[in-house]
Amino acid sequence: MSGEQPMQFNILNEITKLAAIKATSGLSKMLGFPIGVNILPVESKNLDEIQTLMNADEKIVGLTVPIVGQLPGACLFIYPEKSAFAICDIMFHRKDGETKSFSEMEKSALTEVANIIAGNFLTSFSMSLQIESLMHRAAHFEHRKFSEFMEAISNSLYKSVKSNNAFEIAFQFQNSQVQGTVIFLFEEKEVLRLIQKVSA
């Protein structure tokens with residue numbers, strides 16, 4: 001690995017940290033209580049290697065969000081089923097454990113959470129890279145086993161990122177009631193080009 005690449009990773013990790021904090025702050029305001037964030041180191045991966053800490057057979061809610069603009073990519077929101085129910089309980093002022101299924105109303109609520117996180121992250125991320133604001137399209141909702149979710153979205157990831165090699169930018173948000181994993185994927189070559197331009 002060249003001496004230049006670690007510097008680019010360091011810059012990207014700092015940009016990611018600021019953007020992830022901005023995103024979780026927006027979620028905290030929306031839900032009305034503090035949300036912790038665990039920011040994972042940025043990694044360069046082949047799309048076939050994208051993973052999270054979840055068990056393949058765990059039932060999850062997953063949302064796939066295409067990102068468009070000067071730096072196209074994709075964003076994944078992955079919630080354990082229990083956590084997705086808890087978020088709906090909070091947003092609709094229900095008793096703990098009252099949400100037991102996902103109607104269009106619950107899907108809309110979880111999509112709104114994705115919009116808040118993605119919007120805040122992308123605004124901060126694009127400002128740090130000195131590019132025009134990145135936009136995201138409508139989220140696609142899935143409720144199934146984690147392994148089935150990853151298999152189902154593989155084609156859409158390749159269409160969004162347009163390259164086998166991507167930077168995986170991931171963070172986890174959590175408190176006593178809710179938790180989830182957020183993964184942003186951007187084409188590696190394009191991110192390195194922008195980082196090089198900013199650092200120059």
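**Whole chain.** Begin with the entire model, which is predicted. Five helices and eight strands are present, and along the sequence they run in the order α-β-β-β-β-α-α-β-β-α-β-β-α. The radius of gyration is 17 Å, close to the 16 Å that the globule rule gives for 200 residues, so the protein is as compact as a globular protein of that length. Along the principal axes, the C-alpha atoms fill a box of roughly 55 × 35 × 25 Å.

**Surface and contacts.** Display the surface next. The accessible surface comes to about 9,900 Å², and 49% of that belongs to carbon and sulfur atoms. Of the 200 residues, 48% count as buried. Colouring by charge shows 18 positive and 22 negative side chains, with the centres of the two sets 4 Å apart. Of the contacts between residues at least 6 apart in sequence, 71% join residues at least 24 apart.

**Strand S1.** Select Gly 36, which lies in strand S1 (residues 36-39). Gly 36 is partly exposed, at a relative accessible area of 31%. Beyond its neighbours within four places in sequence, Gly 36 is in contact with Gln 172, Phe 173 and Gln 174. Gly 36 and Gln 172 are 136 residues apart in sequence, yet their C-alpha atoms are 8.2 Å apart in space.

**Helix H2.** Move to residues 81-91. Eight of the eleven residues of helix H2 are buried, so this helix is largely enclosed by the rest of the structure. Among the buried residues are Phe 85, Ile 87, Cys 88 and Asp 89. After H2 comes His 93, whose phi is positive, near 55°.

**Aromatic pairs.** Now show the aromatic side chains; the whole structure holds ten aromatic pairs. Tyr 79 and Phe 173 form an edge-to-face pair, 6.1 Å centre to centre, with 70° between the planes. This pair links distant parts of the chain, with Tyr 79 in strand S4 (residues 73-80) and Phe 173 in strand S7 (residues 165-174), 94 residues apart. Tyr 79 is buried at 0% relative accessibility, and Phe 173 is buried at 1%.

Select Phe 184 and Phe 186 next. Their ring centres are 6.3 Å apart and their planes lie at 10°, so the pair is stacked. Phe 184 is buried at a relative accessible area of 0%, and Phe 186 is likewise buried at 0%.

Technical notes
Residues are numbered from 1 along each chain as its sequence is written. This is a predicted model: local features need pLDDT of at least 70, side-chain atom pairs count only at pLDDT 80 or more; totals for chains, interfaces and linings use all residues. Side-chain values use heavy atoms; hydrogens and water are left out. Helices (H or I, at least four residues) and strands (E, at least two) are DSSP runs, numbered from the N terminus. The radius of gyration is taken over C-alpha atoms; the globule rule is 2.2 Å times the number of residues to the power 0.38. Buried means under 20% relative accessible area, exposed over 50%, partly exposed in between (1.4 Å probe, protein chains only). Contact means heavy atoms within 4.5 Å. Accessible areas come from the Shrake-Rupley method with a 1.4 Å probe; for residues, only the protein chains shown count as cover. Lys and Arg count as positive and Asp and Glu as negative; His and the chain ends are not counted. The place of a charge is taken as NZ of Lys, CZ of Arg, CG of Asp or CD of Glu. Rings of Phe, Tyr and Trp (its six-membered ring) pair if their centres lie within 6.5 Å; planes under 30 degrees apart count as stacked, over 60 as edge-to-face and the rest as tilted.
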